[in-house]
Amino acid sequence: MKEDISLKVNGKEYHVQVEPDTPLLYVLRNQLELNGPKYGCGLEQCGACMVLMDGKADPSCKIPVSEVVNKEITTLEGLISENGELHPLQEAFVEEQAAQCGFCLNGMLISGAWLLQENSNPNREAINEKLKRVLCRCGTHTRIIKAIKTAAKSKQL
Amino acid sequence: MKTTRRNFIKNTSYVAIGFSLVPNLAWISVNEQSSQGVTQQSRITDWLQILDDGRVRVFSGKMELGQGIRIAIAQVAAEELNMNVDFIEVKLAETSTTPNEGYTAGSQSVARSAMSVRKAAAAAAAILIARTAEKYEIKAENLYLKDGMVLSKDGDFRASFFNILDGVQIEEVVPENIQTKSKEDYEVVGTPVARKDIGEMVRGLPMYVQDLRFPGMLYARVVRAAAYDAKLTEFNKENAEKLDVKIIKVKDFIGVISEDEYQAEKAKIFLERDCKWDTETELPVEEFSAEYLKNLSKETENVVNKGNVAFKNNSISAKYFKPYVMHAAVGPSCAIAIFKEEKLEIWSHTQGVYPLRKTLADLLNLNEENIKITGVPGSGCYGHNAADDVAAEAAILAVENPEKYIKLQWTRADEHAWEPYGSAMVMEMEGSLGTNGKIENWKYNVWSDTHSTRPGGDKQNLLPSSFYNGTTAKRPKGYFGGAYRNSEPYYKIPNQKIDAHYFKGPLRVSALRSLGAYSNILAIENFMDRLADKAGEDPVAFRLKHLEDQRAKDVLKKVKEMTLGVELLESEGLGFAFSRYKNSASYFAVAAKVSVENAKVSVKEMWGAIDSGEIINPDGLKNQTEGGMIQSASWTLQEAVKFDQTHVSSTNWESYPIFRFADIPFVHVEVIDRPDEDALGAGEAAQGPSAAAILNAVYRATGKQVAFLPVNKNVSV
Ligand code: FES
Ligand code: FES
């Protein structure tokens, strides 16, 4: 049975009609038409679907939408400030050209943003730890590590 | 047949491939050139069009697969037209407007496609100058192009491309021999122009086929059989039927569609649980081994027979095994299809829109002219993965449920367990040194399944065909040439005998990045180290002694230089390897530093040097090469597709793990630019040598050779 559910995503309040056990990812992509979070496995194994929930990066592909109604959800789109300014990590990914196919970027950026919030000067171990859930098959890791370090150095943080 | 209809300039704004919410459904098949291929006869307008706002749109039949081809093509066109690269729009594969370039594969994209664009742009530049000279009676040598304008050197004349052409595209045929810009004058080509699509990716803008949305679009899933050749015996739909879904069943093909994606997913789960299948063939679980594969082979082809191979008790030998490896895209395959008024339209991340169209016409009994396929990027694919299969399944669902857009998303288990893998292979080497300390005899045997079952018009190559037609799955023979790719060493060796043996193995296979070259190079390059040891020589010096091509020597020396000063702990080793991809494409040398602790190998750092001839975008080349090194390291250390008696059991990232952050080596790549040489394919150059460098490093660290992959399953200390 479908239910009315309200969600707080990227600072806005949304009302959707869905079955309460629908994974958050499907609501974000299909009802809210957001493209940042991606479907990669639906098993919480690859990180393609990462979002920030109350500031912490977590997969959105399994958690039922009814369980996140009280959380502040931020997607990749929400990392951009209202005046259109990119998050320093988004800037750094462009600067380092840290993408091949780019399919993993959502998970990398969301996890990286969370990391930088907790640790303004992360070393390789810290990066490995906070990004361990996110897979990249193209092998862009070295550039992603550089982008995180570049963002950490930028003054805006 | 081409019409002689004049092609007017009318498109003002760039239409991103199908991303508008209400796409234009008008069929543009009037002028369709079907799959005749790009011949010498292609017109300039087939490759590039002048837009009325001064920009230029370039068409390429290639797909963006994450290799940055868009920017490379834009750079080449910008250079010839003397334009800011931002004024160039690149439109990729689509069966109605872009040239039929076959497949985006074999690292040919830059080498071939960009060269065609270069010629067309150079021809356009010459015609723009000639027409201006004629029309305004100005000497051609006094004219030049700049950012969409034709200008006179004295500054008196300026007119836009659009005005010069009177609003008509350039219809002339691209001449076979055309003067292109001289390389000393290059301003854009050879520089690291940033890819524009990365800016879109970081913003989460819609750009993948997975992001397409159409009005009233339905979500679909396909129900997987128990095995490749399974037959449906019990169709138990009671549980699935209770959901808000429509079940589509044709013979043994079962799909579900729904307005709600999660409902479709649940229905798939129920149907896969409730339906019963009969499986005929048992997969060889216990028996599966190198010997088993060798015994399967029925056909042998001699690849090289040079001099007279004769061993006199002084040879060394080695045997290698490489398991099935998967493409394992991060984003599972996806396609959207609609069947309306007898016409089928598909959005797909296929590597070849034209071959797919031909094959779908065969599967669905449609005329090719009634099928339109638009290429839209997907997740990186690294060869022939399930892109064509999912498009075929979406097409079936669309035909069975017309008038609606249907988006079919494969699940992780679909992708892992049903994509066509890179074949398992067995390699055996024997070699001996002459009295001069150089290699005298070389014998190599390789056993492999095919390395390409791309749908070149034969529906049997598409996964759903046998289920949909109710026939038994017949796995196609495919292309065997990939098995011996790079099986001939690039070194000077007087006596050589190389044979390839073909088998049809238990799992579905097709092209995976570098085909058989990965295995052949890893065997050759590990064996070179063994022979160097036997000769008592430094492995790099030993290779240099056997190389004649200066460019080959240069990449090896470069890597040696890059690793000077690398310090090694007791448990660490440094290994080197080299190859020239296909013996005719890019030169690549690599070093790997590994550490071996508690019977576990980790790759700490890798260094690569690549020579791909003329470089269009050095940063793109580096990016691809870095990625190839990391991907190859993951294959080599830990990847192997597992199966049980019924089917593949590697169904997710836990049963088929790939490298995560903690596993990856930090990689460094240097490129050697050869502006006067031809641009060479580069995307696959790193796969084989990277694997060999790792094997060689393991030996240097432990004194023991590991020749059966994956390394971490077979290493013992
Ligand atoms: S899609 Fe959520 S972790 Fe893979
Ligand atoms: S860039 Fe393709 S998966 Fe990471």
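Predicted model: local features only at pLDDT ≥ 70, side-chain atom pairs only at ≥ 80, totals over all residues.
Local features need pLDDT of at least 70 and side-chain atom pairs count only at pLDDT 80 or more, whereas totals for chains, interfaces and linings use all residues. Residues are numbered from 1 along each chain as its sequence is written, and side-chain values use heavy atoms, with hydrogens and water left out.

The contact between the chains (heavy atoms within 4.5 Å) takes 55 residues from chain A and 61 residues from chain B. The buried area, defined as the accessible area (1.4 Å probe) that two parts lose on being put together, summed over both, is about 5000 Å² for chain A and chain B, with 54% given by carbon and sulfur atoms. Six salt bridges (a side-chain nitrogen of Lys or Arg within 4 Å of a carboxyl oxygen of Asp or Glu) are found across this interface, and in a salt bridge between B:Glu626 and A:Arg143 the N to O distance is 2.8 Å.

Within chain B, whose domain bounds come from an automatic or database domain assignment, domain 2 comprises 210–279 + 327–418 and domain 3 comprises 425–714. The centres of these two domains, taken over C-alpha atoms, are separated by 34 Å, and their contact takes 42 residues from domain 2 and 35 residues from domain 3. Domain 2 and domain 3 of chain B bury about 3300 Å² between them, 64% of it on carbon and sulfur atoms; B:Tyr228, B:His384 and B:His416 supply 23% of the area that domain 2 buries against domain 3, more than any other three residues. One salt bridge is found across this domain interface.

Notes: Chains lettered and ligands numbered in written order.
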